[in-house]
Amino acid sequence: LEFRRVLFRSAEALSVGELKFVNLVAEVTAEASNVEVANASAGFAGGRVSVENITLPDVGAFAIEIANIDMGELAALGKVDGLIVTGTVSGKIPVRLSNGAAQIDQATLTAGGQGLIRYTPKTPGTLGTSAGGALALKALANFHYDSLTLAISGSTAAEMAANIALAGRNPDLYRGYPVALNVNLTGRFADFLVNGFGAARVPDAVLQQIRPAKPAPAKRKGP
């Protein structure tokens with residue numbers, strides 16, 4: 001006979017390196033050589049992270065749900081040079097584990113409202129070597145966003161691609177006129193961790209992606 005043993009149900013806090021999780025809840029059970037993790041969730045960076053079902057050691061594919069994560073706390077954890085950001089983000093990160101690396105398949109994260117991005121790195125790296133990248137840096141130096149969407153794909157062991165879509169305004173650019181900013185970045189995950197966005201490559205097409213947003217049509221006045 002094989003019995004299922006309960007290994008874990010809850011904990012007040014857990015630290016993984018510099019990552020701090022609180023109020024952990026999960027049903028972790030063991031049966032034979034398998035460990036099953038069901039309905040796991042924890043408080044993280046002012047919000048909550050959750051995973052529904054994982055079986056170890058054959059994890060396969062799973063999805064990480066994040067809700068109302070403080071982007072300011074994420075920026076501080078990442079120690080990205082010159083980055084200050086406010087607001088929260090939520091979304092789903094589909095993950096597949098293969099050969100010790102995580103493959104992220106079209107993760108989409110969306111800001112929960114308005115916020116501010118100030119990105120003024122001491123060394124812009126390759127981001128400042130093209131006209132498009134230099135313009136993106138100028139816009140992000142003081143960008144008041146109304147909407148923010150981040151899409152990520154790729155392997156943590158190879159190159160990853162990220163798309164940042166923003167709508168808002170920089171008071172110092174285009175006289176504060178509303179603009180749409182769409183930046184495509186590619187680079188190795190490890191380089192992002194060490195050097196921040198300056199390690200990314202920005203396609204020249206980004207120059208065409210920063211443009212004045214179309215104003216909303218004026219409402220007709222009644223007779």
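Q: Is tyrosine 174 buried, partly exposed or exposed?
A: Tyrosine 174 counts as partly exposed, at 37% relative accessibility. Buried means under 20% relative accessible area, exposed over 50%, and partly exposed in between, with a 1.4 Å probe and protein chains only.

Q: Where does tyrosine 174 lie?
A: In the loop between β11 and β12 (179–188). Strands here are DSSP runs of E, at least two residues, and helices are runs of H or I, at least four residues, numbered from the N terminus.

Q: How far is tyrosine 174 from alanine 139, C-alpha to C-alpha?
A: The two C-alpha atoms are separated by 9.5 Å. Along the chain, tyrosine 174 and alanine 139 are 35 residues apart.

Q: What kind of model is this, and how are residues numbered?
A: It is a predicted model: local features need pLDDT of at least 70, side-chain atom pairs count only at pLDDT 80 or more, and totals for chains, interfaces and linings use all residues. Residues are numbered from 1 along each chain as its sequence is written, and side-chain values use heavy atoms, with hydrogens and water left out.

Q: Okay, salt bridges. How many are there?
A: The count is 3 salt bridges. The rule is a side-chain nitrogen of Lys or Arg within 4 Å of a carboxyl oxygen of Asp or Glu.

Q: What does lysine 92 pair with?
A: Glutamate 65, at 3.6 Å from N to O. Lysine 92 is in strand β7 (residues 88–98) and glutamate 65 is in strand β5 (residues 61–70), so this pair ties together parts 27 residues apart in sequence. Lysine 92 is partly exposed, with a relative accessible area of 41%. Glutamate 65 also counts as partly exposed, at 33%.

Q: And which residue does arginine 96 bridge to?
A: Aspartate 105. The closest N and O atoms are 2.7 Å apart. Arginine 96 counts as partly exposed at 38% relative accessibility, and aspartate 105 does at 27%.

Q: What about arginine 169?
A: The side chain of arginine 169 meets that of aspartate 146 in a salt bridge, 3.4 Å from N to O. That pair links distant parts of the chain, 23 residues apart: arginine 169 is in strand β11 (residues 159–169) and aspartate 146 is in strand β10. Arginine 169 is partly exposed, with a relative accessible area of 29%. For aspartate 146, also partly exposed, the figure is 34%.

Q: Which strands does β5 join by bridges, and how do they run?
A: Strand β4 (residues 47–56) is joined to β5 by 4 bridges, and the two run antiparallel. Another 8 bridges join β5 to β7, again antiparallel. Strands count as paired if DSSP finds at least two bridges between them.

Q: Which residue in β5 is the bridge partner of valine 49?
A: Isoleucine 66. For aspartate 70, the bridge partner is threonine 88 in β7.

Q: Switching to aromatics. How many pairs?
A: The count is 1 aromatic pair. Phenylalanine 21 and phenylalanine 44 are stacked, 5.1 Å centre to centre with 25 degrees between the planes. Rings of Phe, Tyr and Trp (its six-membered ring) pair if their centres lie within 6.5 Å; planes under 30 degrees apart are stacked, over 60 edge-to-face, and the rest tilted.

Q: Which residues touch the most other members of the largest nonpolar core?
A: Ile117, Tyr145 and Leu166, out of 47 residues in that core. A nonpolar core is a set of buried Ala, Val, Leu, Ile, Met, Phe, Trp, Tyr and Cys residues joined through side-chain atoms within 4.5 Å.

Q: What does leucine 166 touch?
A: Leaving out residues up to four places away in sequence, its contacts include Ile117, Phe143, Tyr145 and Val179. Contact means heavy atoms within 4.5 Å.

Q: Last one: what does the whole chain look like in numbers?
A: The chain has 3 helices and 13 strands. Buried residues make up 35% of its 223 residues.
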